[in-house]
Amino acid sequence: MKLKDKIAIVTGGGSGIGKAISQTFAEEGAFVHILDLNEKAGANVVESISRKGGKAQLHVCSVANQKVVMNVVDRIGRVDILVNNAGIAHVGNVENCSEEDFNKVFEVNVKGAYNALYAVVPKMRIQGGGVILNIASIAALVGISDRFVYSMSKGAVHAMTMSVARDYLKYNIRCNSISPARVHTPFVDGFIAKNYPGKEEEMFERLAQSQPIGRMAQPEEIAKLALFLCSDDAAFITGNDYPIDGGFVKLNN
Ligand SMILES: NC(=O)c1ccc[n+]([C@@H]2O[C@H](COP(=O)([O-])OP(=O)(O)OC[C@H]3O[C@@H](n4cnc5c(N)ncnc54)[C@H](O)[C@@H]3O)[C@@H](O)[C@H]2O)c1
């Protein structure tokens with residue numbers, strides 16, 4: 001068990017990548033606190049973890065609300081691992097990104113991660129250490145069509161990762177990020193259904209083939225990298241971003 005008796009927070013742990021990370025961390029011995037907006041989805045994950053003898057608790061909240069996040073984290077007590085995973089998508093260029101769209105994406109993807117850091121980092125500093133993992137995206141590393149505000153938000157997550165890694169190195173807090181290409185989760189199904197109605201299958205296949213490896217990742221594949229980076233096996237790793245992308249960034253030519 002690589003995370004025996006560790007206390008972990010996973011934001012957005014009710015679905016997709018966050019769900020796989022929550023389940024993997026619980027299997028490895030962590031007590032997983034899931035912060036998610038979606039009560040039903042989060043409760044299902046907690047139940048699936050409990051059924052297998054693992055430990056998890058759901059806290060229904062929006063990461064965008066600092067006061068609520070502070071209260072939840074306060075109640076949790078000690079925190080060894082923070083995974084900033086909650087995120088939302090937006091498809092569009094600068095001309096079809098309204099002010100409302102812009103604010104919504106930044107509220108969750110950027111401010112949400114900041115809120116969790118703001119609540120958790122002081123605890124880790126006082127405790128004598130901890131591990132932080134931010135879920136960024138390859139959308140921040142290369143130019144992708146119609147991902148204007150989403151790419152910007154993930155660029156901020158990259159910068160946040162470096163800043164926290166630098167400032168808290170001396171407090172034994174490691175901070176890294178993972179940048180997935182397409183992962184088959186409700187997030188992808190949702191934005192295909194919303195933005196390409198009637199063309200769902202064609203778009204799914206196009207998105208799958210945009211990874212040179214010829215498919216999307218499974219959430220469990222991201223969870224394995226998350227486990228490595230949050231475990232003591234990665235004790236020498238901080239201030240880095242890890243693309244997990246089926247060759248998307250370096251082999252797409
Ligand atoms: N799926 C992909 O292809 C892909 C690729 C790169 C990066 N990512 C990133 O990975 C992360 C997870 O994506 P996913 O595909 O698993 O998404 P998902 O939609 O399947 O799950 C996201 C979870 O976050 C929760 N959530 C959303 N807004 C929230 C808020 N304000 N407060 C608390 N919880 C909230 C949702 O309820 C949901 O349970 C996101 O940050 C996303 O940007 C996904």
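Which residues point one way from strand 2, and which the other way? F31, H33 and L35 lie on one side and V32, I34 and D36 on the other, and all are buried, where buried stands for 20 or more other C-beta atoms within 10 Å of a residue's own, exposed for 12 or fewer and partly exposed for the range in between, with C-beta atoms placed from the backbone.

## Basis of the description

The structure is a predicted model, in which local features need pLDDT of at least 70 and side-chain atom pairs count only at pLDDT 80 or more, while totals for chains, interfaces and linings use all residues. Residues are numbered from 1 along each chain as its sequence is written. Helices (H or I, at least four residues) and strands (E, at least two) are DSSP runs, numbered from the N terminus.

Seven strands form an open sheet in the order 3-2-1-4-5-6-7, with parallel pairing, two strands being paired if DSSP finds at least two bridges between them. The edges are taken by strand 3 (55-60) and strand 7 (241-244), each of which has a single partner strand, so one side of each is left without a neighbour in the sheet. From one strand to the next the twist averages 15°.

Strand 1 pairs with strand 2 in the parallel sense over five bridges, and V10 stands opposite I34 in strand 2. Strand 4 (residues 81-84) pairs with strand 5 in the parallel sense over four bridges; I81 has V131 as its bridge partner in strand 5, and N84 has N134.

## Two enclosed strands

Six of the six residues of strand 2 are buried, so this strand is largely enclosed by the rest of the structure. For strand 5 (residues 130-135), six of the six residues are likewise buried, so strand 5 too is largely enclosed by the rest of the structure. Both faces of strand 5 are covered, with G130, I132 and N134 buried on one side and V131, L133 and I135 buried on the other. In a regular strand the side chains alternate between the two faces of the sheet.

Helix 1 lies across strand 1 (7-11), strand 2 (31-36), strand 3, strand 4 and strand 5, and runs at about 170° to strand 1. Helix 2 (residues 39-51) lies across strand 2 and strand 3, running at about 170° to strand 3. For these angles, axes are lines fitted to C-alpha atoms, for helices over the stretch in contact, and values run from 0 to 180 degrees between N-to-C directions. The axes of helix 1 and helix 2 come within 10 Å and cross at roughly 25°; the two helices are therefore roughly parallel to each other, given that angles under 35 degrees count as roughly parallel, over 145 as roughly antiparallel, 65 to 115 as roughly perpendicular and the rest as oblique. K19, S22, Q23 and A26 in helix 1 meet V45, S48 and I49 in helix 2, a contact being counted if the C-beta atoms of two residues, placed from the backbone, lie within 7 Å. These residues divide into three nonpolar, three polar and one charged; Ala, Val, Leu, Ile, Met, Phe, Trp, Tyr, Cys and Pro count as nonpolar, Asp, Glu, Lys and Arg as charged, and the others, Gly among them, as polar.

Helix 1 (residues 16-27) also packs with helix 8 (residues 219-230), at an angle of about 50° and with the axes 8 Å apart. Helix 1 and helix 8 are therefore oblique to each other, and their crossing is right-handed. G16, I17, K19, A20, I21, T24 and F25 in helix 1 meet P219, E220, I222, A223, A226 and L227 in helix 8. By class, this contact has nine nonpolar, two polar and two charged residues.

## Individual residues

M124 belongs to helix 4 (residues 99-127) and is buried, with 24 other C-beta atoms within 10 Å. Not counting residues up to four places away in sequence, M124 touches V79, G129, G130 and I173. The C-alpha atoms of M124 and R78 are separated by 7.9 Å, although the two residues are 46 residues apart along the chain.

Most residues other than glycine have a negative phi.

Methods: A crossing is left-handed if the near helix is turned anticlockwise from the far one by less than a right angle, and right-handed if clockwise.
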